[in-house]
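Open the model in your viewer and keep the selection tool at hand. We will go from stop to stop, picking residues as we go.

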Amino acid sequence: MNNQNTNKRIFSVITQTLKMHPVIIVLLALIVIFGSIYPDRFFSPINFKSILRQFVTLTLFALGPSFVVLTGRLDLSFVGVWMLGGVFVWLFKPILGMFAIIMIPVVGVATGLFIGVIQTKAKIPSFILTLSLLVTYTGLSALIAGGYPRAVEGYEFITSPLIPLIPTAFLLTIPIIAAAIFLMKYTRICVYLNAIGSNEEGAQLAGINVDKYKILAFMLSGLFTGIGAMILFQHLGGSAQMELKLNTIVWPLVAIVLGGTPLTGGSGGPQRTLLGAITFTVFYRGLYLSALHPIMVPLLVGVLLIVSIIISARGLKGVTVT
Amino acid sequence: MNDKLLEVKDVYKTFDRVVHALNGVSIEARENEIVGVVGENGAGKSTLMKILVGVYSPDKGELYHKGRRVPFPRNPKEAARRGISIVYQEKGVIPWLKVYQFLFLGHEDKYIKLLTLQMDRMKEQACEILEELHVACKVEAYMHELPLSTQKKIEIARAILGVRLESEDGETTPIIILDEPTAPLTDNECKEMFRDLLKMKKNASFIFISHIIPEVMEYTDRVHVLRDGNLVAQYDLSEEKMTEEDLFRAIVGRKSSEYISRAEDREVAGKEVVLSAKNLTKRGHFYDVSFDLHRGNCIGFFGPAGSGKSKIIRTIAGLMNHDEGQLTAKDQELKADELPHERLSRGIGYFSGETGKELFLNWSIAKNISIINMKKILGKIIPVIQFKTERKMAENIVQKLEIKAPSVRTDCYSLSGGNKQKVSVGKWLERNPDILLLDDPTIGIDVGSREDIYEVLLEMKKKDISMILVSDEPKEYSILCDNIMFVMDGRVQKVLGPEEFRKVMST
């Protein structure tokens, strides 16, 4: 009897979770599909490691902007923070030594503050503002670094292997993820950002200082991107990058939307982005291992983005806010 | 002269088979006159006009044009062919077009020769029509350079031109519907527009939709009054002598039988003043509003739509800034540029009956209640949300207000209108502000739920919460208010007690 009750409870918890995070179904389906087509390659240790590596990249880039997307705005500056921050590390290494890495979160928070203030005071659409800033940062990075990537040594410990099969960068990502989830689940920040995205006038009437929390969202975005980019700096080669790749901008957005945070804001948040990131990684790795020509992959990624935007805008209206 | 140009007979329109937007309404427009159609929000004015221009089709009804029965138009172009065109309240103007381009927008196909637009011919004709209609402006000017009143006149000219170009014979007298044309204009611009509108009467007939009573009284020849989808009265203003108050009462209706006097809920003034205003002015909206709100009392601002009553309450809430005058709460002056969250921290809450504004519909009941009671659910030592406290708080409210919902985790969008309203009022009950501003607290909900909301509000009043009410429902004032300020044209005309108010409304 008791056993039956527990079963029932577990069942209801599972259905509740699936209802809240429908992307889990997609994730499981992808694993089953890829796993049954080529189990040897898909379940290999190398692939496992690759998935984790890519998950780290995607998550660290996508976590920050998730805070902003929650309010119905968009922050594309994350790649810029990573690039300009990297150049600053190279620039300040001779002066600050190992502490030069701190420059990345500093750039991140400053960027967030800047965007937030401009966005709220001048009422400019965040998409075009952050996009322009991204381009500016790319130019600035190239100018400072002299036009080509600069390798910086001394941070190899960030990615030096600790546990077999699990990249160290992944281990370092865990506390960042935990911090984001804590912020989203247990503090009022989550409620307020959601409120702004869901019904800005209502948020104002409920006595929320809307401008302050919008700026805070951009600053949190900058902070999380900055801290994440400290790891990414080494994770992605240990050098200040010059080249702006479209994939680095688009993939995190796919992860955010796929996770169930609609770009119009109002529900979701970083915790969902994690699910989106892992699902996208499995999707990408699965295609990568398949017999498909690599040229097909960007096309399919684009289709996935379009489909998930449509679904998240229409179908998830009733999904509960966590 | 007074031939019936257009006649609409017994029009019925239902939406979703439930809402009766129009219940057998008949109106007529004669040659060369301005006929007013007035009524409150939701009286059916807009629905009727949309039927005339072919946006909606009626369920039943007849349309006569110059005495000949014609079918209802199926789209705006067909309506124009019958001579009917509309000028919408706003957003009709495209700012970056030149005047002549705007005038002929959508009719360019009549000015194409050898694949090119005949600009010169268009400009020539534009000049002609503007001159004919007494609109003074250059055809080469951009729309956004012109004053708003001129823009409006050009819009009217465009509507008349559209009818001329579309109608079969070119002889039809245009019937131009003006949907609250003066809403975006200042007083002077209004006067200027009407001056020229009276001249244009030679060229067209106008159906003038408005809820601004003085305008209607001054400029229309006849007026139809709609209420709740029925034609309740029509007056020939050139013959009948009427005051603004008469017309206002016709619009609002004499619902005297419904009034409930609840003297026992009222308290005499005498407690301390929690909010006072001195000569509060927002230019263009309201002037010299002064009042003292005592603890546990309720003041109502009553008047027709457009009188400035809702602007007053929005100003107190911090959604608008006043230009002049003083607003004092608890001996502290409130600065004009304070935002709603600053006003709330002083204990002034704003409750709007529009659930879309007030609630986060994709959130659960519990979250909607806790959002303005965040301090109560945060941990004492670390400011972390206590989910158990949040749930208990919401369960308490749900039980107290008898909100019908499976659980407090239910999302608000799935609730009925009345229950949504209870959630919004419930969160304020939990918050317990010093002053609660009520902006149409029961808009759009059924009678039963209304009574429940009144119960809650009266209970809050007993707990010494002061209130300011603005509503479209006269009954609400006599239930809730201790003092009623009659607002007309942005000025307080007189202050009435609930008994007097009831007397005035029932005569």
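**Stop one: a pair of facing residues**

Select Phe301 of chain B: this residue stands opposite Met485(B), which belongs to strand E21(B). Keep in mind that this is a predicted model.

Now widen the selection to two strands of chain B. Pick E15 (residues 298-302) and E21 (residues 483-488). They run parallel, and 4 bridges join them.

**Stop two: the whole sheet**

Which strands make up the open sheet of chain B, and in what order? Select 6 strands and read across: E18-E19-E20-E15-E21-E22. The pairing is mixed. Step from one strand to the next, and the twist averages 20°.

**Stop three: a helix across the sheet**

**Stop four: two helices in chain A**

Move to chain A. Select H8 (residues 168-186) and H11 (residues 210-235). Two packed helices are described by the angle between their axes and the distance between the axes. Here the axes come within 11 Å and cross at roughly 175°. Angles over 145 degrees count as roughly antiparallel, so H8(A) and H11(A) are roughly antiparallel to each other.

Show the side chains where they meet. H8(A) contributes Ala169(A), Leu172(A), Thr173(A), Ile176(A) and Ala180(A). From H11(A) come Phe224(A), Ile227(A), Gly228(A), Ile231(A) and His235(A). Color the contact by class: 7 residues are nonpolar, 3 are polar and none is charged.

Terms used: Residues numbered from 1 in each chain as written. Chains lettered and ligands numbered in written order. Predicted model: local features only at pLDDT ≥ 70, side-chain atom pairs only at ≥ 80, totals over all residues. Axes fitted to C-alpha atoms, helices over the stretch in contact; angles between N-to-C directions. Parallel < 35°, antiparallel > 145°, perpendicular 65-115°, else oblique. Contact = placed C-beta atoms within 7 Å. Nonpolar A, V, L, I, M, F, W, Y, C, P; charged D, E, K, R; others polar. Pairing = 2+ DSSP bridges.
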